Amino acid sequence: TYSGLYQVDGSYITSNDIQIADYSYSSNETLACTDNLCYPNDDPEQSFTSYGVNMGKGFAYYALDTYELMWRCVFRDEATDKLDAIVNPDNKMNLTGLIDSMTNQNEQIKQGYNIWSNLYGDLWVARYWILICGFLLPMVIGFVYSCFLRIPCVLAFMVWFSVLATIAIVFTGAYYAGELASQWEVEQPGYITEDNIKIAKYGSYALYAFGGLLVIVFAFMRKRIQLAMGCVKEASKAILRLNLIILFPVFQALGFAAFMVVWVVYAAHLASMGEFKTNQIDATPGYFISVRYFEFSDFVKKSGWYLLFCFFWTGQFIIAIGEIIFAMSISKWYFARDKKKIGNGAVLSSIVTSVWYHSGTAAFGSLIIAIIQMIRSFIAYLQRKANEMNSSLAKAVLCCLQCVVFCFERFFKFINKNAYIQTAIFGTSFCTSAKEAYCLIMRNAARIIAITYVSGGVVFVGKIFITTLTTGVAFFVLDYELREELYSSIGPLFFIVMASWFVSGMFMAVFDMAIAAILQCFVADEEMFGDSEMYAEGTLREWVKDHGNSCDNRCC
């Protein structure tokens, strides 16, 4: 209350146990609890409807257990349930039903709202571990993994070890989650919520299914993976001379992490700009209930969309500038008669040239992808509205539209990647590079499609391995460090999976871009100089000749 902590007989909480706001500056500082105002007749039921409490609209309220969410104190569900049992023991006011009718929500929507509230709380509690396990850990694992891949003699071992280790990690996580759910079921009732037990149990089933799916996928991809090692061996020759290029994804990841720190701070402040609103309805004759909800203004909603666009554009720009630097470094190595003289100096000069002369190309290409991703996000928003309205026709149309826009996004990412390689080789602008890349691909469609398809095998294995290992470590860390503080580890783990997949993609993009750049350099070299004066080495010519004509059954 305005005068501090008010206690009735039998209370044991002291003023040191809770934080009380300072209202000494308020004009309502004279409003203070008395027995008549806040606890008439020593009756908790009358207290809830008293003048002082007034079901949440008065000048006083009960001291409940809370957790911090975006610099606000939010009541825990267990605390509000216990309060409901005290002030409404006979369910005279039907609090749950009244909240549903007032907010025009059914039980499923209400549960969804609670899930989102718990998710935000878990993300805030685990924010430091998300940063460590989602960005720093995959950077370390990705760097070590990339260093081993560039050594031809250990390449085959690393690839097949990654396949087996990925499957083992998934099944280990499934077994652990199942054992954890079994232990929680026999522990003291109330210590672990029923929702957490279900999450652990169903999560175990999902991991077993995912592990089985990986076994099937890797079994069908085994020949493609074996063939893809030839691509990586050719790329490894360039990466061995350009050692510094392995470190560039680290700087990319650090830059993205620094951006995410600023972005999350802005997002948290933006999310806290909403206002608490209160609706009061007549429960039963003589009883009223007040229900609070969080409301955002149109300005805050538009700012949220703008913040999302900044996230898309910045993330794609970081990827784009990295791809140009990679391609330029590879092209300088390729178009050198004596390749042994090319070293890390080519990487440093490529960084300077790309940032100074081709940042506009990266910005324009990334802008196209960001706009498409914003369109997909808006369609996803409309899909959620269609689900709320339960319109089958709207859901079907929006689903088809989402698929079409997704295909456009994949197409433009492919065009952008090859345009960046053309920019790195010839120094042309984005539009010119995109046109030339498209024409080059069409002239050599069979070779480029076959080798691109094959080379994706090792890249996919690397991304899956780094993401799975990172997520497995994060799962055990969160369970050990924050088990009693988190409602569920699913939310933080989901963001860790997304971040680690992004970071692992930047590391594996070194080999992906190296293969793509070498292939385009080879085709341009062949068209410009012919067989007699080509810059390509003999082993590269033979490998492209053997595997670049068609994608036969060896690719499957």
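Student: Is Cys33 buried or exposed, and at what relative accessibility?

Tutor: Happy to! Please keep in mind that this is a predicted model. Cys33 has a relative accessibility of 12%, and because buried means under 20%, Cys33 counts as buried. Its partner is Cys38: a disulfide joins the two, with 2.0 Å from S to S. Cys38 is buried as well, with a relative accessible area of 5%. The angle about the S-S bond is -80°, and the link of Cys33 and Cys38 is left-handed. The structure holds one disulfide.

What about other cysteines? For Cys407, the closest cysteine sulfur belongs to Cys403 and lies 6.9 Å away, which is too far for a bond. Cys407 counts as exposed, at 51% relative accessibility, while Cys521 counts as buried, at 0%.

Now to the rings. Searching the whole structure gives 23 aromatic pairs. In one of them, the ring centres of Tyr420 and Phe430 are 6.3 Å apart and the planes meet at 55°, so this pair is tilted. The pair links distant parts of the chain, 10 residues apart: Tyr420 sits in helix α13 (residues 392-426) and Phe430 in helix α14 (residues 430-443). Tyr420 is buried at 2% relative accessibility, and Phe430 is buried at 8%. Elsewhere to look, one aromatic cluster is formed by Phe135, Phe256, Phe259, Trp263, Phe311, Phe312 and Phe502.

Notes: Residues numbered from 1 in each chain as written. Predicted model: local features only at pLDDT ≥ 70, side-chain atom pairs only at ≥ 80, totals over all residues. Heavy atoms only, no water. Phe/Tyr/Trp six-rings, centres within 6.5 Å; stacked < 30°, edge-to-face > 60°. Helix = DSSP H or I, 4+ residues; strand = E, 2+ residues; numbered from the N terminus. Buried < 20%, exposed > 50% of the residue type's maximum accessible area, 1.4 Å probe, protein only. Disulfide = S-S within 2.5 Å.
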